[in-house]
Amino acid sequence: MSNVLVIDDEDNLRKLLARVIELEGYSVFQAGTVKDGMKLMSKENMHAVISDVKLPDGNGVELAGRIKKEYPWIEIIVLTAYGTIADGVKAIKNGAFDYLTKGEHQEKIIPLLAKAMEKALLQQKVQSLESRLHAKFGFPNILGQSKVLQKAIELARKVAATDTNVLLLGETGTGKEVFAQAIHYESLRKTKPFVALNCSAFPKDLLESELFGHAEGAFTGAVKAKKGYIEEAHDGTLFLDEIGEMNIDLQAKLLRIFETGEYYR
C-alpha cells in the first residue's frame, strides 16, 4: 500500500483532501502540526507528504527540507493559500516535489501525487537494493575477529570516505577484491559501477585495449569505437587485480590517469 501523509491544521480541508486521496486507493494519514506529522513519519513508512505552508508549529517550506534530510525517499507537495514565487522556489530548493496554491490544487493534486508516488516508490526500491548490496559486499561481509583484520577494516572504512586511489597489498587469496568491494559500497561511489579486471589474464596489447578502449579505425579490425574498463567504471570504482603483473610501459600510461584523471582511447 502506498502511504500518504496530509499535514494541515484546518480540520475540514485536511479531512476532505484525505478522503479524495483515499478514493484513489492510497492509505492516508493525517496530522495537524509539524510535531504530529514527524511522529507519524517515524512510525509509518510514508511515501509522500502533502503539507500546508502555514502550520501552528512550523512552516511547510522549511519542513520539506527537514523531511528530505531524514527521509530522502519521501516526496513532498507543499500547499499554500497565498502562493508566491519566492516560496515556490525555496520549497523546490528544499527538496519539495512541487508547490501548489489552494484552489488550483483540486484539479492538479491527484495527477501530481501519482507522479510523486511513482518517484518515491522507485527511490525506495533503489535504497532497498543498495542496502542488500551493502549487506552482501560491504564491510559486514568481511568475517574475522583478529586484531590485524579489524585494524585493516578500520583503515579501509576511513579510506572509503575519501575520493582517492587505494593500493591493496596481500597474498593471492587473502581477500583484496572483497576489501575493494567493501570500500566501493561504503563510498560515495556506491551507486556507480564496480568494475574488476585481472591484469595477469591479458597480454600487453590486449590489456591496453581492454583498459583504455580504442577509437574506430585505430588498428586493423577496429571497425567501431570501443569503451575500455576505465570508461565503464567512470564515477565508480575500477579494481585492477594483480596490477604488478602489468607491463611496465602500460603502468606508466596508467600513472597519468592516477595523476591527472585524464586519458585517451
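Helices here are DSSP runs of H or I with at least four residues, strands are DSSP runs of E with at least two, and both are numbered from the N terminus. The model described is a predicted one, and its protein chain holds ten helices and nine strands. The radius of gyration of the chain is 26 Å, well over the 18 Å that the globule rule gives for 265 residues, so the chain is more spread out than a compact globule.

**Overall form and annotated region**

- Along its principal axes, the C-alpha trace of the protein chain spans about 75 × 55 × 30 Å, and 38% of the 265 residues count as buried.
- The unreviewed UniProt entry places the feature "domain: Sigma-54 factor interaction" at residues 142–265, an annotation that may be inferred rather than shown by experiment.

**The largest pocket**

- The volume of the largest pocket is about 1,300 Å³, and its lining is made up of 39 residues, with N165, V166, T237, L238 and F258 lying nearest the centre.
- At least two residues of this lining come from each of α6 (147–160), α7 (176–185), α9 (229–232), β9 and α10 (248–260), and strand β9 gives the most, with five residues.
- By residue type, the lining of the largest pocket divides into 20 nonpolar, twelve polar and seven charged residues.

**The second largest pocket**

- The second largest pocket holds about 250 Å³ of space, and among the 14 residues that line it, A152, L167, L168, L169 and F179 are the closest to its centre.
- Helices α6 and α7 each supply at least two residues of the lining of the second largest pocket, and α6 gives the most, with four residues.
- The lining of the second largest pocket consists of ten nonpolar residues, three polar ones and one charged one.
- Helix α7, which supplies at least two residues to the lining of the largest pocket and at least two to that of the second largest pocket, is mostly covered, with eight of its ten residues buried.
- The buried residues of α7 are K176, F179, A180, Q181, A182, I183, H184 and Y185, and F179 is also one of the residues closest to the centre of the second largest pocket.

**The enclosed cavity**

- When the whole structure is searched, one cavity of 30 Å³ or more is found, and the volume of the largest cavity is about 40 Å³.
- Ten residues line the largest cavity, and V6, D8, L13, L17 and L79 are the ones that lie nearest its centre.
- Strand β1 (3–7), helix α1 (11–22) and strand β3 (48–52) each supply at least two residues of the cavity lining, and the largest share, three residues, comes from β3.
- The cavity lining divides into six nonpolar, two polar and two charged residues.

**Aromatic pairs**

- A search of the whole structure finds three aromatic pairs, one of which is formed by Y71 and W73 in an edge-to-face arrangement, at 5.7 Å centre to centre and with 80 degrees between the planes.
- Y71 and W73 are both buried.
- Another pair is formed by F194 and F239, which are stacked, with 6.4 Å from centre to centre and 20 degrees between the planes.
- The F194–F239 pair links distant parts of the chain, since F194 belongs to strand β8 (residues 194–198) and F239 to strand β9 (residues 237–241), 45 residues apart.
- F194 and F239 are each buried, and strand β9, in which F239 lies, is also the element that gives the most residues to the lining of the largest pocket.

- The C-alpha atoms of I76 and I92 are separated by 9.4 Å, and the two residues are 16 residues apart along the chain.

Definitions and conventions:
Residues are numbered from 1 along each chain as its sequence is written. This is a predicted model: local features need pLDDT of at least 70, side-chain atom pairs count only at pLDDT 80 or more; totals for chains, interfaces and linings use all residues. Side-chain values use heavy atoms; hydrogens and water are left out. Rings of Phe, Tyr and Trp (its six-membered ring) pair if their centres lie within 6.5 Å; planes under 30 degrees apart count as stacked, over 60 as edge-to-face and the rest as tilted. Buried means under 20% relative accessible area, exposed over 50%, partly exposed in between (1.4 Å probe, protein chains only). On a 1 Å grid over the protein atoms alone, a cavity is a set of points where a 1.4 Å probe fits but cannot get out, and a pocket is an open set with protein on both sides within 12 Å along at least five of seven lines; lining residues have an atom within 4 Å of a point. Grid points are joined across faces, edges and corners, and a volume is the space filled by probe spheres set on the points. Ala, Val, Leu, Ile, Met, Phe, Trp, Tyr, Cys and Pro count as nonpolar, Asp, Glu, Lys and Arg as charged, and the others, Gly among them, as polar. The radius of gyration is taken over C-alpha atoms; the globule rule is 2.2 Å times the number of residues to the power 0.38.
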